[in-house]
Amino acid sequence: MVDFLAENNLCGQAILRIVSRGNAIIAELLRLSEFIPAVFRLKDKSDQQKYGDIICDFSYFKGPEFYESKLEAKPELQDLDEEFRENNIEILTRFYLAFESVHKYVVDLIRYLDDLNEGVYIQQTLETVLLNEDGKQLLCEALYLYGVMLLVIDQKMEGEVRERMLVSYYRYSAARSSGDSNLDDICKLLRSTGYSSHPGAKRPPNYPESYFQRVPISPTFLSMVIGRLRSDDIYNQVSAYPLPEHRSTALATQAAMLCVCLYFTPSILHTQQAKMREIVDKYFPDNWVISIYMGITVNLVEAWEPYKAAKTALNYTLDTANIREQAGRYAASVESLRPRVQQSLKEGFLREEIILDNIPKLLNCLRDCNVAIRWLMLHTAESAYDPNNKRLRQIKDQVINDSKYNPKILFQLLLDTAQFEFILKEMFKQMLAEKQLKWESYKKEGSERMMELAEVFSGVKPLTRVEKNENLQAWFREISKQIESLNYEDSTAAGRKTVQLIQALVEVQEFHQLESNLQVSQFLADTRKFLHQMIRTINIKEEVLITMQIVGDLSYAWQIIDSFTSIMQESIRANPSMVTKLRATFLKLASALDLPLLRINQVNSPDLLSVSQFYSGELVAYVRKVLQIIPESMFTSLAKIIKLQIHDIMEVPTRLDKDKLKDYAQLSARYEVAKLTHAISVFTEGILMMKTTLVGIIKVDPKQLLEDGIRKELVKRVAYALHKGLIFNPKAKIQDWQSVYQSTHIPIPKYPSVDESATFIGRLCREILRITDPKTTCYIDQLNTWYDVRTHQEVTNNRLFSEIQDTLGTFGLNGLDRLLCFMIVKELQNFLTVFQKNILKDKAVVDIFKALLTAVNPVKGIVANASKVYANAAAKTQKIWPAYLEAIMKVGQMQVLRQQIANELNYSCKFDSKHLAAALDNLNKSLLSDIEAHYQDPSLPYPKEDNTLLYEITAYLEAAGIHNPLNKIYITTKRLPYFPIVNFLFLIAQLPKLQYNKSQGMTCRRAADQVDWAPLVLGLLTLLKQFHSRYTEHFLALIGQFIRSIMEQCTSQKIPDMPSDVVGALMFLEDYVRYTKLPRKVGNIAMRFCIL
């Protein structure tokens, strides 16, 4: 018969693929559960107020038009909705695909069962598949994994959160969801059950059976699977646990599967007392806390509370006397096992001969240790008992008291057992690898000894003093031949024959009285020893390793182990060499990966890598968490050293009086420094003792671990110092998993916000913006200095940015620049929104613009009665300019700051990294030259769209300050009517507030009407830069026309002095040309001609 799991067996491969996919889906659900956007929980009042109207649960489907019309009525809600979509669509899609795969899984399982019933797989039916060992396992696993998926979803992702995410996905991915017929079914399957994983939460009625029955599954299939799980040992685990008291541990995996599958047929739990009594007697006679999948624990006392038959059956296990008996048994077991394991771990105890002679004893010791650890860890776990349930509290207290539970002693036993198991496994693997070689070596030695004895009795060899004996000579030669003929491949026959040969050698020594000759006796004893070694060696079998693997399973502690973290860290702090034993514990925990990966590996699924990486990554993260105590302790010691050196130890002067030598010696303080320094070195040695370890599929290098730990602690302390230090008294969101700067191993810590800024860099940026605010300061470009408008005192200057670089470094200053960049983007976006909604939709204002456009056309001409035309237009639109001015000034202020930062970065780059600065400058010029050449001749090369060169070089150039912030395109824009005329009118409306000063340039006339010239010019320049160049040309032409028209009017009226507004307009053109580095002819074209 063809093997059920053979590649050409379609029936076996189909169910194997389903089960493999089930394990991969659970891994994806567990992975995603850590990335649920907090906003979908709507816990904070601020989130409820802000997002309450755009995040809906399934009530949305009752009237989608109502919700959408509510959004359309408020433009600000539309903007928020669009921003929310951009921020979350990627993660929502990932969640939806995971939910969809759960539904597809159960649909595929039902289809497979239908195919079996309809005879699609020739000669295979549900009954025949269940008769096959692999088939039985896979069908049971298929149902069990579906149940685990549903439980994981409900435990890790609250029902309301699921509904909100599904509705958001439906709204934001209309194209997909409308064409996806499964969406309704997915929503029906995953709608909220009312269950909450929070302690003390009330369990919903008929939960989880009603949840499990949302997609109906064949009752026959359910009945047969539960029947197999009840009666059979489907994984043949009992053979690894021969003792009857270990039976519940042997069947623990099957018991977990049965518990999950029983929810599909709740009638057994409710009414079928005989079946439940049978289940409890077989699987739960001495335990009631189980691990259902990768450490997810369930307490049956709580889980079976609503079910009459199940509760009644379990009461026998929960009898006070039974609990006392079980707890007392494991307490005694721990007490007796600890000295035995510690004795086995003594240096030189576990030798090859002892292992080979005591394999059964050693395995029994391992079994007893693992069973005791399992029972005590599960039945004393905090997570398994609801503190609000009185009965559970009583059971837990009884277990803790009767078992004399001490977490430190249990943890020590776990450490010792893991180390014992690790050494035993490694030695056994080595013996298994060398088995044949050693066996052949012993055989050769034994055969040669017999040949030598044969020669001794030949009488030929001198100095033996042994009489010639042809019979013994022939007999020993025959024995030599018999030993030589032993065949390694036929181990059974070879073992039997070896025993006979040993017996024959004993008998020959007795009957022929060979004891009198010590040499002959020694040869016979050596040969018997070699033959004994051959028997031992032939008994080294892989089954022992498999038994150790089964017995050493620690998957149940995947989550519980976290409760021992503090004990682990205290142990490491007290004795850093403890890391070597912890290494064995982590490797023991890594064996839990076999459970989800077995089926994925069997089917050669591409999911193998991602699932392995997830579980391995989780374990490595836990290893890092435990070992982080070493860097923490190092930094604590360093802080003490720094305190001693700064505050206690006096600096020794170059010249010192002899009588003061003792005062400066400060022996106790220096001894303390030496002691702390030694402690730091001991900690580093401790982590380096761990050796490079393969945890799952991730290689953990202790040196890298130490470096990452030190960096993490350094980041944490620096961030805290900056968080606390950079707090002032002032009057587009990226998720952590999307950020290239955030790391899981060395995370940037998050602290509660003290203002609107998320981090210290935001606070620093806002403080700089506050002290250089154009409303209260005046920026003098020639001096790179800000002065207070009222007191005329200097506020700050460009040295500020040198100080920031000295403090935060180039990366800090570059980060500040990037933050300003994003602030400019946001400001420009808000400005354009206001422009479209408040200005272009105001009919009266638009009519003024139309009238002015008519009056100034053609632009090349002169405007008649210019003063009156411009003054009237400015006066009629004065209500819109305050908000306009504020936006322009904000952008201009940030551009001034960006220029200063670029200058500082470029200056320091040329000094500190002149070769880098020169290389970047040349590369930049070469690229620009090539691009210009390409536009003149398209046949010349040009970087393609998929080439990241331009993007990458930009990051380098900005970090080195080799860029002009004023030339940057911050946002994409559409055509806007009246845009040049609006900006022109805005400028001439501000000119009366300004005056020209020969030494300072354009300054404000009155402190009450504060307009800072440099931010005004740079703000307008930046705004115009975001649009097509013809807008700028039109704007400059309007200014030129303004100058000519006013001057023409002054000439006709014989006014000798140039009006201040004309001076202001000329200064604007002058500064515009200077800032943009345009040729002067551009300004001349704009003015055409001016009388200067």
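Let's start at Asn 865, which sits in the loop between H38 and H39. Helix and strand names here come from DSSP runs (H or I of at least four residues for helices, E of at least two for strands), numbered from the N terminus. This is a predicted model, so local features need pLDDT of at least 70 and side-chain atom pairs count only at pLDDT 80 or more, while totals for chains, interfaces and linings use all residues. Residues are numbered from 1 along each chain as its sequence is written, and side-chain values use heavy atoms, with hydrogens and water left out.

What makes Asn 865 worth a look is its phi, which is positive at about 50° although the residue is not a glycine. Most residues other than glycine have a negative phi, and most peptide bonds are trans. With a relative accessible area of 46%, Asn 865 is partly exposed; buried means under 20%, exposed over 50%, and partly exposed anything in between, using a 1.4 Å probe and protein chains only. The loop between H38 and H39 also holds Pro 858. The peptide bond from Asn 857 to Pro 858 is cis, with omega near -5°.

Now step back into H38 itself. This helix has 14 residues and reaches 20 Å from its first C-alpha to its last, close to the 20 Å expected at 1.5 Å a residue (the expected span is 1.5 Å times one less than the number of residues). Which residues of H38 are buried? They are Val 845, Val 846, Ile 848, Phe 849, Leu 852 and Val 856. Looking down the axis of H38, you'd see these buried residues fall within an arc of 155°, so they line one face of the helix; the arc is taken from the directions that run from the helix axis to the C-beta atoms. On the face turned away from that buried side, H38 carries the exposed residues Lys 843 and Thr 854. The cover over the buried residues of H38 includes helix H37 (799-839), helix H39 (866-876), H43 and helix H45 (1029-1052).

The axes of H38 (residues 843-856) and H43 (residues 979-990) come within 10 Å and cross at roughly 90°. Axes are lines fitted to C-alpha atoms, for helices over the stretch in contact, and angles run from 0 to 180 degrees between N-to-C directions. That makes H38 roughly perpendicular to H43; the cut-offs are under 35 degrees for roughly parallel, over 145 for roughly antiparallel, 65 to 115 for roughly perpendicular, and oblique for the rest. On the H38 side, the contact (heavy atoms within 4.5 Å) is made by Phe 849, Leu 852, Leu 853 and Val 856, and on the H43 side by Ile 981, Val 982 and Leu 985. Sorted by type, the residues of this contact are 7 nonpolar, no polar and no charged. Here Ala, Val, Leu, Ile, Met, Phe, Trp, Tyr, Cys and Pro count as nonpolar, Asp, Glu, Lys and Arg as charged, and the others, Gly among them, as polar.

After H42 comes Gly 961, with a positive phi near 75°.

Two of those packing partners have residues to check out. In H40 you'll find Gln 899, which is 66 residues from Pro 965 in sequence but 6.4 Å from it in space, C-alpha to C-alpha. Not counting residues up to four places away in sequence, Gln 899 touches Pro 965, Leu 966, Leu 1018 and Tyr 1075. In H41 (residues 914-936) there's His 934, buried with a relative accessible area of 17%. Leaving aside its neighbours within four places in sequence, His 934 is in contact with Leu 940, Pro 941 and Tyr 942.

Finally, some stops earlier in the sequence. His 103, in helix H4 (residues 75-117), counts as buried at 8% relative accessibility. A cis peptide bond, with omega about 5°, joins Tyr 207 and Pro 208, and Pro 208 lies in the loop between helix H9 (183-190) and helix H10 (209-212). Met 294 has a positive phi near 45° and sits in the loop between strand S1 (289-293) and strand S2 (296-299). At 3% relative accessibility, Met 294 counts as buried.
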